[in-house]
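Subject: Handover of a structure and its findings

Dear colleague,

Please find the structure below, together with its sequence.

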Amino acid sequence: MAGAISAGAYTAGVLDFLTEALDEWEKAKAGKQAVPMHDVSIEVLSGASAGGMCAAISAVMLNQEFEHIHDTTKTGTTNVFYESWVNRIDISELLKTDDLVKNSQLSSLLDSTIIGKIAEVALTPGTLKRRRYMSADLRLYLSLTNLRGTPYSLNGTSPGSVEETTFFYGDRIRFQTKLEESEDEPDLNTHVLDFSNKSALSWETLRKAAMATGAFPIFLAPRVLSRNLGEYTPPMWESVTAAATGNPPPISPSFPNDTPDPLLTLNVDGGVTNNDPFIYAHDYLARLDPPMEKNRMTVPAKDVDRLVINIAPFPTKSAFDVTDGAVKAPDVFSLVGKLIAALISQSRFFGEGLTKIMNGPTFDLYVIAPSDEDLVDRCKDKDPEDIPPALQCATLGAFGGFFYRGFRAHDYALGRRNCQRFLREWFALPQDNALIAGGLPGPGEARSGIIREFGVLPPPPYKKSSSQATVAMGATEVSKWIQVIPLCGTAAETIEPVKRVVMTGKMLDDIVDLILQRFRAVVALVLSNVQSRRLRWFLKVGQPVIRWLARSPLRGVLVKGLGDSYRE
């Protein structure tokens, strides 16, 4: 689950429908209905930033009872995904001043108090409900950015030499659920989520880690985590498989001898260093029995027995600028923007992940990304560059969802719709796949009926090159593939296109007022730490004028950023 900021609402919607589809399929199998009878198991979750928060919530919520959301106007539901990302998080909460009352220092531009309240509810286990498709030994990996860094010596402790040290700031923390049916013994450096002991320290660690992975730098408060030094051997840049097998031999950090253990670390958004940590899930699955050769899950469709679904609200669409004018006439302002973009992109570049996905078609990695065909159809006369993004939370640099509940509700519903289409049309494997074949009856009317109901066209590369010679709508019963997660019951009911909403001038004016109130409180706190009385007085007198002058430009920037999602 990739980073998303306020578009975590989309990821939450995808997860809600995915769970509904699995629940309905399990009901159909238990009722001996004519459905494919193979099994699936969710073994591992990984995430960064908002995706990390959703992954953490999943580890708890998918072991509890909750309702699936078909009506996004509802409030007070038992669905923690929905309550956390649609009903509870809002700019009105983030612009409060509770944090300034409690602290003498400014830790973030926004009030992060609501984040802690949501984490307390969402990540405290309730009454256990077992789902067959959830592993009792579920692994959870959250990416972090550790601002203290982890030191590594480049030349050891060679006497008489210059000691060279480098720091690695990418970090991850791992958890494992423990239930009555659990079989795998966690290692010493894994935090155990024991559902029979709800007061265990690891639950508080989970809450802090979830807030840490989503702590967008400067805007949301950083989080302090207590980590065992053993968690950093092998180093965090090595794959999950290497960490488990000791191949290559682990490299230990060069912490000073007097470093306390456990160590307090200061953490911000995991997306700063690894915004799309699908590789954690991939590597964990690759080493399960039987382990995949060379840690590569890429195999022919008929042999696939494990795979990763990647929820990516903002897949990168960057393109190389052939006519980049800054190359010929660089200026300071353009260079600043390019430098920031380069640092962010480079910090997230992992070549080992790129090699896994660039060697032809694969059936071990799927991506669910925002798509709104209804929007595209309405904008068919526009230039593609002028079509607004499918996600309304994408406005204002992906902070737009915090400004209006309607945006979050829209994206949650779109996530459900996109997930349904993904499961119905794309997430399928051939009938001769061992997993699928084991759940189908032998030749006869029962098999034919299941294929008619749950068979889909092979994906495009197979339509063109398969030896089955499948041709678009002319697919035969034999050539059809079978849905990996068959849509049954309520999950089979088509979700209609999601209507877009708009934010009004009155709503925006109220938010501008809240922003300026927060600004006033922040300035007051900062001024209280200014030692010079004269400077403090000068700044205090001047800031009301600044607020008055800033109101109109601020509003204009917000209107522009909201685009088609705003109406006076």
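The model is predicted, so local features need pLDDT of at least 70 and side-chain atom pairs count only at pLDDT 80 or more, whereas totals for chains, interfaces and linings use all residues. Residues are numbered from 1 along each chain as its sequence is written, and side-chain values use heavy atoms, with hydrogens and water left out.

Nonpolar cores

A nonpolar core is a set of buried Ala, Val, Leu, Ile, Met, Phe, Trp, Tyr and Cys residues joined through side-chain atoms within 4.5 Å. Buried means under 20% relative accessible area, exposed over 50%, and partly exposed in between (1.4 Å probe, protein chains only). The largest core has 117 residues, and Leu123, Leu140, Leu206, Leu423 and Ile485 touch the most other members. Its largest share, 11 residues, comes from α1. Helices (H or I, at least four residues) and strands (E, at least two) are DSSP runs, numbered from the N terminus. A second, separate core of 14 residues includes Ile279, Tyr280, Tyr284 and Met297.

Contact means heavy atoms within 4.5 Å. Not counting residues up to four places away in sequence, Leu123 touches Ala56, Ile57, Val60, Trp203, Leu206, Arg207 and Ala210.

Cavities and a pocket

On a 1 Å grid over the protein atoms alone, a cavity is a set of points where a 1.4 Å probe fits but cannot get out; a pocket is an open set with protein on both sides within 12 Å along at least five of seven lines; lining residues have an atom within 4 Å of a point. Grid points are joined across faces, edges and corners, and a volume is the space filled by probe spheres set on the points.

The whole structure holds 4 cavities of 30 Å³ or more. The largest cavity contains about 300 Å³ of space, and of its 22 lining residues Met53, Trp85, Ile89, Ile115 and Gly214 are the closest to its centre. This lining divides into 18 nonpolar, 3 polar and 1 charged. Here Ala, Val, Leu, Ile, Met, Phe, Trp, Tyr, Cys and Pro count as nonpolar, Asp, Glu, Lys and Arg as charged, and the others, Gly among them, as polar.

The second largest pocket has a volume of about 810 Å³. Of the 34 residues that line this pocket, Ser41, Ile42, Glu43, Leu285 and Leu307 lie nearest its centre. Elements that each supply at least two lining residues are α1 (8–30), β1 (42–47), α9 (278–286) and β7 (308–311), and β1 gives the most, with 5 residues.

Individual regions

In α9, 9 of its 9 residues are buried. Arg296 lies in the loop between α9 and β7 and is partly exposed, with a relative accessible area of 27%. Arg296 and Ala286 are 10 residues apart in sequence and 6.5 Å apart in space, C-alpha to C-alpha.

Gln176, in strand β3, is buried at 2% relative accessibility. Asn189, in the loop between β3 (165–178) and β4 (191–194), is also buried, at 19%. A polar atom of the Asn189 side chain lies 3.1 Å from the backbone oxygen of Gly230.

Yours sincerely

Definitions and conventions. A polar contact is a pair of N or O atoms within 3.5 Å; within protein, one must be able to donate a hydrogen and the other to accept it, and residues adjacent in sequence count only if both atoms are side-chain atoms.
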